[in-house]
Amino acid sequence: MLMLSTMTMIIFIITIVVMMLATLLSKKTLLDREKCSPFECGFDPMNSSRLPFSLRFFLIAIIFLIFDVEIALLLPMILIIKSSNLMNWTITSLFFIFILLIGLYHEWNQGALEWNE
C-alpha cells in the first residue's frame, strides 16, 4: 500500500514538472501588435466601423447554424431506433428530413447558396 502511494506521488510530481516545462518552453516572448489585437472578421479594428459589409457572410452563417442544429437533432434519432416503434421512427425521421429538404430547396431556389453576385 505504501509502495502504491509513493508511486502515485512520483507520477504526480513528474506530471507537474513536465507540464511546467512545457509551459515555459512554449511561451512566445515576442509580442506582435497584430497578434495582440482582436480579430474582427478580417477587418482592421483600427479603421472606421462604418464600412459596408456584405450580408452574404451573415446569410451563410445563419444557413450553417440551421443545418448544424439539424445534425444535432438527427443524431439522437439513430440512438433511439432500437427502443422505439420502427414505423413511428421511420415516419418521424422521413418527415423531419423532408422538412429540411424543403428548406434546402427554398434556399437554393432563392439563390442564397450561390456566392456569385
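The buried residues of helix α4 are Trp89, Ser93 and Leu100, where buried means under 20% relative accessible area, taken with a 1.4 Å probe and protein chains only. These buried residues pack against α3, residues 55-79. The model is predicted, so that local features need pLDDT of at least 70 and side-chain atom pairs count only at pLDDT 80 or more, while totals for chains, interfaces and linings use all residues. Residues are numbered from 1 along each chain as its sequence is written, and side-chain values use heavy atoms, with hydrogens and water left out.

Helix α4 covers residues 86-109, and its reach of 34 Å from first C-alpha to last is close to the 34 Å expected at 1.5 Å a residue; the expected span is 1.5 Å times one less than the number of residues. After α4 comes Gly111, whose phi is positive, near 85°.

The protein chain as a whole has four helices and zero strands, helices being DSSP runs of H or I with at least four residues and strands runs of E with at least two, numbered from the N terminus. Along the sequence the pattern reads α-α-α-α. Further values for the protein chain follow.

| Property of the protein chain | Value |
|---|---|
| Buried share of the 117 residues | 9% |
| Accessible surface (Shrake-Rupley method, 1.4 Å probe) | about 10900 Å² |
| Part of that surface belonging to carbon and sulfur atoms | 73% |

Among contacts (heavy atoms within 4.5 Å) with a separation of 6 or more, 56% are accounted for by residues 24 or more positions apart.

How values were computed. Buried means under 20% relative accessible area, exposed over 50%, partly exposed in between (1.4 Å probe, protein chains only).
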